[in-house]
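Thanks for coming. Please have the sequence and the model open.

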Amino acid sequence: MGTDINRLKVVLVEKKKTNKWLCEQLKVNPSTVSKWCTNSSQPDIETLIKISKLLGVGLEELLNKQYVESITI
């Protein structure tokens, strides 16, 4: 696969939070959070907003800058 879309794994480390903590907060399966962290799947927009609020970061911090810049109009 190409560029990672999200930076969730990095942001969790920066905020000293675990995958387990996030799955408990969102009431989702641990394997779901694991897939988001490895970029094998992505959270939907509503979930991404919840994650940004839980971690106290802006949405842009959860997205990989190179991925965002690779999107052309």
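Two residues are in contact here when they have heavy atoms within 4.5 Å of each other. This is a predicted model, in which local features need pLDDT of at least 70 and side-chain atom pairs count only at pLDDT 80 or more, while totals for chains, interfaces and linings use all residues. Residues are numbered from 1 along each chain as its sequence is written, and side-chain values use heavy atoms, with hydrogens and water left out.

The overall picture comes before the details. The protein chain has six helices and zero strands, so its order of elements from the N terminus reads α-α-α-α-α-α. Along the principal axes, the C-alpha atoms fill a box of roughly 35 × 25 × 20 Å. The radius of gyration, taken over C-alpha atoms, is compared with a globule rule of 2.2 Å times the number of residues to the power 0.38. For 73 residues a compact globule would come out near 11 Å, and the 12 Å of the protein chain agrees with that. Among contacts with a separation of 6 or more, 62% join residues 24 or more positions apart.

On burial, I call a residue buried under 20% relative accessible area, exposed over 50%, and partly exposed in between, with a 1.4 Å probe and protein chains only. Buried residues make up 29% of the 73 in the protein chain.

Now the helices. Leu12 is found in helix H1, and at 1% relative accessibility Leu12 counts as buried. Apart from neighbours within four places in sequence, Leu12 is in contact with Lys17, Thr18, Asn19, Leu22, Cys37 and Leu55. For Leu12 and Leu22, ten residues apart along the chain, the C-alpha atoms are separated by 8.6 Å.

Helix H2 covers residues 19-26, and its buried residues are Trp21, Leu22, Cys23 and Leu26. These pack against helix H1 (8-14), H3 and H4. Trp21 also has a charge over its ring, which requires NZ of Lys or CZ of Arg within 6 Å of the ring centre and within 35 degrees of the ring normal. The residue is Lys17, over the face of Trp21 at 4.6 Å from the ring centre. Just after H2, Lys27 has a positive phi of about 55°.

What is buried in H3? Val33, Trp36 and Cys37 are. Looking down the axis of H3, these buried residues fall within an arc of 100°, so they line one face of the helix; the arc is that of the directions from the helix axis to the C-beta atoms.

Is Asn39 buried or exposed? It counts as buried, because its relative accessibility is 3%. Asn39 has a positive phi of about 65°, and its side chain reaches the backbone nitrogen of Ile5 at 2.9 Å.

In H4 the buried residues are Thr47, Leu48, Ile51, Ser52 and Leu55. They cover an arc of only 140° around the axis, which puts them on the same side of H4. Glu46 and Lys53 are exposed on the other side. The buried residues of H4 pack against H1, H2, H3 and H5. Gly56 follows H4, with a positive phi near 65°.

Last, Asn64 sits in the loop between helix H5 (59-62) and helix H6 (65-70). At 13% relative accessibility, Asn64 counts as buried. A polar atom of the Asn64 side chain lies 2.8 Å from the backbone nitrogen of Gln66. Leaving aside neighbours within four places in sequence, Asn64 is in contact with Thr3, Asp4, Ile5, Asn6 and Arg7.

That is the end of the tour.

Definitions and conventions: A polar contact is a pair of N or O atoms within 3.5 Å; within protein, one must be able to donate a hydrogen and the other to accept it, and residues adjacent in sequence count only if both atoms are side-chain atoms. Helices (H or I, at least four residues) and strands (E, at least two) are DSSP runs, numbered from the N terminus.
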